[in-house]
Amino acid sequence: MWPLYAAGFTTAFGAHGIAANLGGHAAGAVTSLLVLGGLLALYDGAEVLLKPLFGTLADRVGARPVLLGGLTAFAAASALYAVADSPGWLWAARLGQGAAASAFSPSASALVARLNPAAKHGRAFGSYGFYKSIGYTLGPLLGGVLVWAGGLRLLFVVLAVLGGAVAVWAAVAVPVVPPLPKARQTVLDLARRLADPAFLAPTSALAAATAALSVGVGFLPVSGRAAGLGTIATGAAVSVLAACAAVVQPRAGRALDDGRLTTRGGLAMGLLVTAGGLACAMLPGLAGILVGAALIGVGTGLITPLGFAALAASTPAERLGQTMGAAELGRELGDAGGPLLVAVVASFATLTYGFGVLAALIGIGAVVAFVRRRAMSAVPEPGTEK
């Protein structure tokens, strides 16, 4: 499992480490905010388009080859800019990194499910999410140190070495998991499966959690600066958010496996806590920002392992790659849609209203989840039928 955790760390560290340091350190490559936005969107756009495709490929040829190919391609794309060190090649490297992450990220999730019994899916996805959270936390911090020490080129060198090392580790340690035989699937069959509440409910919760996480990381510092807080205070808020998400995920996974937490109840509670965190972010001053960050972190930490465990429990093993790829697409849409929604509302009103609108939408989702949980209380959870 450790190479899979390392793969999760790699995609998170690579995404945030570069994104956080492009604006001020890209040595002539970023000439305007439009160019910066394009470079940021290039990585995410590749993931949105390609994750479902690579997830389906993982089901067809096996998740392990797609994982290894993605990690190797990530190392190669990172080395491309490290060697060339020119603005044009930076665009190519970012596109290559996004495409490569689209391959190894859903493959790693599928292998986490395949290599663990259903009774331990909560623990497995909780640990996987923990190491991804560590990558998200260390990316901007360690990436900034590397860029300060040797420029953006050094950061790409480190990512190339990291991707290559994890690929070799996975090739040695991850067992061969052959693809399972499966019946032919039509487009209509796929549409029915993706429209099933067993897929839509956890994927929607994961998208909402990712939207809140992105908004917290991106806009809490803005709110703090507007309140007259310094860089240390606003940075602490983001660190609190990431730390809470990292700490909660393994514990939520263990609680699910031990029967102390149900998927439906946990997802509903996670949405409610996340909405509460966004509501607290509307309060002025450091206290509102820190409490908001902590609650957003706790809420997303609850949702993430439970959502993926629910998807694994309700998906045929031979379709895990496809499901994980589609779920990752939902998360990417939340990652982009949450900040966009808050920014649009803030442009017409204030950032406080932006937090409030997203809090209301996620809160409505929590109410719907609670109502659905009550209505289906007599129906067994996916994967718990005797």
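Visitor: Which residues does Thr210 touch, not counting residues up to four places away in sequence?
Guide: In this predicted model, Thr210 touches Arg331, Gly334 and Asp335, once residues up to four places away in sequence are set aside.

Visitor: And where does Thr210 lie?
Guide: Thr210 lies in helix H8, which covers residues 197–226.

Visitor: Is Thr210 buried or exposed?
Guide: Thr210 has a relative accessible area of 10%. Buried means under 20%, so Thr210 is buried.

Visitor: How far apart are Thr210 and Leu333, in sequence and in space?
Guide: They are separated by 123 residues in sequence, and their C-alpha atoms are 8.7 Å apart in space.

Visitor: Arg331 came up among the contacts of Thr210. Which residues does Thr304 touch?
Guide: Thr304 touches Arg331 too, along with Leu206 and Gln249, again not counting residues up to four places away in sequence. Thr304 is found in helix H11, residues 285–314.

Visitor: Buried or exposed, that Thr304?
Guide: Thr304 counts as buried, because its relative accessibility is 11%.

Visitor: Let us stay with H11. How do H10 and H11 pack?
Guide: Helix H10, residues 263–280, packs with H11 at an angle of about 160°, and their axes are 7 Å apart. That angle makes H10 roughly antiparallel to H11, since angles over 145 degrees count that way. H10 passes H11 in a left-handed crossing.

Visitor: What classes of residue are in the contact of H10 with H11?
Guide: The contact of H10 with H11 has 14 nonpolar and 11 polar residues, and no charged residues.

Visitor: Next, Ala245. Where is its place, and what is Ala245 in contact with?
Guide: Ala245 is in helix H9, residues 231–257. Leaving aside neighbours within four places in sequence, Ala245 is in contact with Ser133, Gly297, Thr300 and Gly301.

Visitor: How far apart are Ala245 and Gly297?
Guide: Ala245 and Gly297 are 52 residues apart in sequence, yet 4.3 Å apart in space, C-alpha to C-alpha. Ala245 also counts as buried, at 5% relative accessibility.

Visitor: Changing topic: how many helices and strands are in the chain?
Guide: The chain has 13 helices and zero strands. Of its 386 residues, 49% count as buried.

Visitor: What share of contacts joins residues at least 24 apart?
Guide: Taking contacts in the chain between residues at least 6 apart in sequence, 84% join residues at least 24 apart.

Visitor: What about Leu146, then: which residues does it touch?
Guide: Leu146 touches Gly151, Leu154, Leu155 and Val158, not counting residues up to four places away in sequence. The place of Leu146 is in helix H6, residues 121–173. At 15% relative accessibility, Leu146 counts as buried.

Visitor: And the spacing of Leu146 and Val158? What is it?
Guide: Leu146 and Val158 are 12 residues apart in sequence and 8.6 Å apart in space, C-alpha to C-alpha.

Visitor: On to H4. What should its 22 residues span, and how far apart are its end C-alpha atoms?
Guide: Helix H4 covers residues 63–84. At 1.5 Å a residue, H4 should span 32 Å, and its end C-alpha atoms are 32 Å apart, which agrees.

Visitor: Which residue follows H4?
Guide: Asp85 follows H4, and the phi of Asp85 is positive, near 50°.

Visitor: How do the axes of H4 and H5 cross?
Guide: The axes of H4 and H5 come within 7 Å and cross at roughly 160°. That makes H4 roughly antiparallel to H5. The crossing of H4 past H5 is left-handed. By class, the contact of H4 with H5 has 20 nonpolar, five polar and one charged residues.

Visitor: And at what angle do H5 and H12 cross?
Guide: The axes of H5, residues 87–114, and H12, residues 320–348, cross at roughly 130° and come within 8 Å. That makes H5 oblique to H12. The crossing of H5 and H12 is right-handed.

Visitor: Which residues meet there?
Guide: From H5, Ser105, Pro106, Ser109, Ala110, Ala113 and Arg114 meet Leu320, Gly321, Met324, Gly325 and Glu328 in H12. By class, the contact of H5 with H12 has five nonpolar, four polar and two charged residues.

Terms used
Residues numbered from 1 in each chain as written. Predicted model: local features only at pLDDT ≥ 70, side-chain atom pairs only at ≥ 80, totals over all residues. Heavy atoms only, no water. Axes fitted to C-alpha atoms, helices over the stretch in contact; angles between N-to-C directions. Helix = DSSP H or I, 4+ residues; strand = E, 2+ residues; numbered from the N terminus. Parallel < 35°, antiparallel > 145°, perpendicular 65-115°, else oblique. Left-handed = near helix turned anticlockwise from the far one by under 90°. Contact = heavy atoms within 4.5 Å. Nonpolar A, V, L, I, M, F, W, Y, C, P; charged D, E, K, R; others polar. Expected span 1.5 Å × (residues − 1). Buried < 20%, exposed > 50% of the residue type's maximum accessible area, 1.4 Å probe, protein only.
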